[in-house]
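User: I want the terms checked against the values. Take me through them one at a time.

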Amino acid sequence: MSSRGAASSSGGPQLGTSDSSKRISKKPKYSRFTQQELPACKPILTPGWVIATFIAVGIVFIPIGLASLFASQRVVEIVHRYDEECVPPIFSSDQLAYIQSSITNKTCTKNFTVPKRMKGPVYVYYQLDNFYQNHRRYVKSRSDKQLRSKAGELDISTCKPEATTANNSPIVPCGLIAWSLFNDTYGFSMKNKVLNVSKKNIAWKSDQEHKFGSDVYPKNFQSGGLIGGGKLNASIPLSEQEDLIVWMRTAALPTFRKLYGKIETDLEANDEITVIIQNNYNTYSFGGRKRLVLSTTSWIGGKNDFLGIAYLTVGGFCMFLAIGFMLLYVIKPRPLGDPAFLSWNRNPSGIMN
């Protein structure tokens, strides 16, 4: 009995040794990739390289900033707010009643003087302030399938509350974005001659060809009791209704401009322009503001000083740092370490000893 006990006692340690040898090691398999030991470019940021980099950035950015700023300054722009001026004095204390009334005269005449020569085409924009087109429910209230193809006419699940009429007929185009279509109009004249405003090619060509179908026509649009904005011609397909296409591309910020049309003729300095405004769009209920904008363009687009100022700021700051580091290096230099003592120089193969 003692011999069996001795055998079992002697077998115990042997079994434990066998179990320990079968344990899976948690040590990861060696790989130069996982251990980040592959050959790589490891630049040494010496004072010379740092100063040269800052100088190069400054040399590139400052001329670009100056060119952008000068181009923006050459853009001639006329901006006029008209939402308050176009309200008759008797409605000055109740502007909402004025805009909601169907019998009040919404026609408003304004005169502008051209400050500088405006070479055609002169772009006409309407600007809205405090209008949040980026609101989540507003942005989602549309049906891209319905806009794209006649086969998607009944795809109105995302268009509420402007999805169907009172008798459950689908509205085309449906949704709040289309329902709130901007409907102020502008008529221009100069020296008793009408200035034609072209609405051709004011929308993105990609939108016309791919997002708005040529076989989709307005149906039951603005036919309810509550009218949100402009109406559409039911005999013209959506792909040709460029005012709608421009409006449906929602803005990211509460203050935005959208293209209304183009005046193809040149406007000379000191010319008097008469604008007849149909003040139809209701911005009074939410404290919005409306502006009419006439603008030329340059190689960077419309008037925008921010781009030039940003380039000049970054370029000037880099030049300031370059000069500061240069003076510091000259006045109070520090000895550089020997790169030969860096780990990757002591062991170029990248494999640990």
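User: What makes residues 49-71 helix or strand, and how far apart are the end C-alpha atoms?

Analyst: This is a predicted model, where local features need pLDDT of at least 70, side-chain atom pairs count only at pLDDT 80 or more, and totals for chains, interfaces and linings use all residues. Residues are numbered from 1 along each chain as its sequence is written, and side-chain values use heavy atoms, with hydrogens and water left out. Helices are DSSP runs of H or I with at least four residues; strands are runs of E with at least two; both are numbered from the N terminus. Residues 49-71 come out 100% helix and 0% strand, with the end C-alpha atoms 33 Å apart.

User: Which residues does UniProt list as "transmembrane region"?

Analyst: The unreviewed UniProt entry lists 49-71 and 309-331. Such annotations may be inferred rather than shown by experiment. Residues 309-331 are also 100% helix, and their end C-alpha atoms are 32 Å apart.

User: Why do S1 and S6 stand at the edges of the sheet?

Analyst: Two strands pair if DSSP finds at least two bridges between them. The open, antiparallel sheet runs S1-S9-S3-S7-S6. S1 (77-81) and S6 (197-198) each have a single partner strand, so one side of each lacks a neighbour in the sheet.

User: How do you know that S6 and S7 pair?

Analyst: They share two bridges, in the antiparallel sense. That meets the cut-off of at least two. Serine 198 stands opposite lysine 262 in S7.

User: Which residues is phenylalanine 188 in contact with?

Analyst: Contact means heavy atoms within 4.5 Å. Leaving aside neighbours within four places in sequence, the partners of phenylalanine 188 include Val124, Lys193, Ile263 and Leu292.
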